[in-house]
Amino acid sequence: MSLFRVRAPRARQSVGGGREKSETPVDISLMLYLLASQLQAGLNLLTALEAMAQALPASAHSMSRALQEISALLAAGVPWGQAWEPYSGEPALRTLRQALGSVWEAGSPSASMLVHAAEQHRNYRRRHAERIAAQLSVSLVIPLGLCSLPAFIALSVVPLLLGLMPVLWS
């Protein structure tokens, strides 16, 4: 089972700030489901984060490195907010921080909270994709109309008028 969606390689800003050739985007909702499974299996959140960081492939190196650094800081006793602060600009890690924060503060492995957060994130992504699709359909109306209207006139109206001309002139 893959944790990632594959996109065409492109340069993007990595979590640590440097440029990387091709960074595989991480499916956060799937990560939350996997973390919930780890918690249900009896792991604590810190161990689950470390295992997730190690399980990420080399193409998601910046995410893996960030999770390793965050779990190391948390293991050293750094407060939750301070451990995540260097990565507050990365949307994927910000989503993880919000979802995992309540589990960390509760002190108990609340897998159901993570499953709920994963479902919310997946629903948000689906609604966002639907909004983009709706905007695309509206923005394509004018170009398609401008392209198909002349073709309609040339292929149906003009031949019809040419066919009716002898009847109309007589």
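User: What pLDDT does the chain average?
Analyst: This is a predicted model, and its confidence is given per residue as pLDDT on a scale from 0 to 100. Of the residues, 85% score at least 70. Over the chain, the average pLDDT is 81.

User: Which pattern does the chain follow along the sequence?
Analyst: The chain has six helices and two strands. Read along the sequence, these elements give the pattern β-β-α-α-α-α-α-α.

User: What share of the contacts with a separation of 6 or more comes from residues 24 or more positions apart?
Analyst: A contact here requires heavy atoms within 4.5 Å. Among the contacts in the chain with a separation of 6 or more, residues 24 or more positions apart account for 55%.

User: Is Q38 buried or exposed?
Analyst: Q38 is found in helix 1, residues 28–40. Leaving aside neighbours within four places in sequence, Q38 is in contact with L43, A48, A51 and M52. The relative accessibility of Q38 is 18%, and the cut-off for buried is under 20%, so Q38 counts as buried.

User: Which residues does S64 touch, not counting those up to four places away in sequence?
Analyst: S64 lies in helix 3, residues 61–75. With a relative accessible area of 8%, S64 is buried. Not counting residues up to four places away in sequence, the residues S64 touches are A53 and L56.

User: Which helix gives the most to the lining of the second largest pocket?
Analyst: The second largest pocket has a volume of about 180 Å³. Helix 5 (91–106) and helix 6 (111–169) are the elements that give two or more residues to its lining. With five residues, the helix that gives the most is helix 6.

User: How many residues in the lining of the second largest pocket are charged?
Analyst: The lining consists of L32, T95, Q98, A99, S102, M113, H116, A117, Q120 and H121. The lining divides into four nonpolar and six polar residues, and the number of charged residues is no charged.

Methods
Residues numbered from 1 in each chain as written. Predicted model: local features only at pLDDT ≥ 70, side-chain atom pairs only at ≥ 80, totals over all residues. Heavy atoms only, no water. Helix = DSSP H or I, 4+ residues; strand = E, 2+ residues; numbered from the N terminus. 1 Å grid on protein atoms, 1.4 Å probe; cavity = no way out; pocket = protein on both sides within 12 Å on 5 of 7 lines; lining within 4 Å. Points joined across faces, edges and corners; volume = space filled by probe spheres on them. Nonpolar A, V, L, I, M, F, W, Y, C, P; charged D, E, K, R; others polar. Buried < 20%, exposed > 50% of the residue type's maximum accessible area, 1.4 Å probe, protein only. pLDDT = per-residue confidence, 0-100.
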